[in-house]
Every structure is written in structure tokens, then in C-alpha cells.
Amino acid sequence: MKKYEYHISGLDCAMCAKKIEDGLKSKQAFSHVSVNFALEKLQFEATREWTKEEIEKEIQKIEADVTLERENQGQASLFQKDFFRIALGLLLFLIGLFLQTPWKDVFLIASYMTL
């Protein structure tokens, strides 16, 4: 058995997550299926090798607007977004700190809002 873990997006409600979970559990190829609506996470074990596209097709038969991405890919993009936001906030803070004009407060407030 191979374990899979995906970030699942496009879920509208907890009932949709439950519907996907029950739909995959009813298929013999899947076991230990868990769909967490709050964390947007899909975990399961399968008896054979599955590609992301195959799993996505199976899920889209149940819920059409759902998309998947590997769990670690979602975390990497989240880190990149946070890194950019922090770098921008720090840059605005430093500009506001050393700027001696009426715009100084604008830069300091903008840096606070990005962090």
C-alpha cells in the first residue's frame, strides 16, 4: 500500500469533503481515506500507483471544482508568499525609518500593514 497526501482546494463546505471521503472509501482501490475541510488536506492509501491527474479525475467525478496539489508544494508556495511579504514590510519600514519627509509615516504604516 502506498500513502498519499495532497492539499485539496475548491471545497465549498464540510459536506463536500465528506462526500469526497465517502466516494473514495466506496472504491476498492482506496483505503484509510481522510478529507479534512478545515486544513484542506486529503490523505489516503492505495493498492496501486496513482498519478495526481488520475486521483483528481476520480475526485472530480464526485465534486467538479476540486483541484489537488502535493502537500509539500503547497507549503513551499506558502513560504515564498510569507518571505515576499516580510521582505516588502522590512523594506518599507527601513525606508520610513530613514526618510525625513512627511511621507515617512506613510511608509511606516504600510510596513506595519504588510507584516
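The model is predicted, so local features are reported only where pLDDT is at least 70 and side-chain atom pairs only at pLDDT 80 or more, while totals for chains, interfaces and linings use all residues. Residues are numbered from 1 along each chain as its sequence is written, and side-chain values rest on heavy atoms, with hydrogens and water left out.

We can start with the overall layout. The chain contains four helices and four strands; here helices (H or I, at least four residues) and strands (E, at least two) are DSSP runs, numbered from the N terminus. Followed along the sequence, these elements give the pattern β-α-β-β-α-β-α-α. Of the 115 residues, 29% count as buried, where buried means under 20% relative accessible area, exposed means over 50%, and partly exposed lies in between (1.4 Å probe, protein chains only). The accessible surface of the chain is about 7900 Å², and 60% of that belongs to carbon and sulfur atoms; such areas come from the Shrake-Rupley method with a 1.4 Å probe, and for residues only the protein chains shown count as cover. Among contacts in the chain with a separation of 6 or more, 55% come from residues 24 or more positions apart, a contact being heavy atoms within 4.5 Å.

Next comes a pair of helices. Two packed helices are described by the angle between their axes and the distance between the axes. The axes of helix 1 (residues 14-25) and helix 2 (residues 52-62) come within 9 Å and cross at roughly 120 degrees. That angle makes helix 1 oblique to helix 2. Axes are lines fitted to C-alpha atoms, for helices over the stretch in contact, and angles run from 0 to 180 degrees between N-to-C directions; under 35 degrees counts as roughly parallel, over 145 as roughly antiparallel, 65 to 115 as roughly perpendicular, and the rest as oblique. Lys19, Ile20, Gly23 and Leu24 of helix 1 meet Glu58, Ile59 and Ile62 of helix 2. By class, this contact has four nonpolar, one polar and two charged residues (Ala, Val, Leu, Ile, Met, Phe, Trp, Tyr, Cys and Pro count as nonpolar, Asp, Glu, Lys and Arg as charged, and the others, Gly among them, as polar).

Tyr4, in strand 1 (residues 2-9), counts as buried because its relative accessibility is 3%. Leaving aside residues up to four places away in sequence, Tyr4 touches several others, including Leu42, Phe44, Trp50, Ile55 and Arg70. Glu49 is also touched by Tyr4; the C-alpha atoms of Tyr4 and Glu49 are separated by 9.8 Å, although the two are 45 residues apart along the chain. Ser31, in strand 2 (residues 30-36), is buried too, at 19% relative accessibility. Ala87, in helix 3 (residues 71-98), is partly exposed at 38%.

Backbone angles deserve a final look. Most residues other than glycine have a negative phi. His32 has a positive phi, near 50 degrees; this residue lies in strand 2 and is exposed, with 61% relative accessibility. Glu40 has a positive phi as well, near 55 degrees. Glu40 sits in the loop between strand 2 and strand 3 (41-46) and is partly exposed, at 30% relative accessible area.
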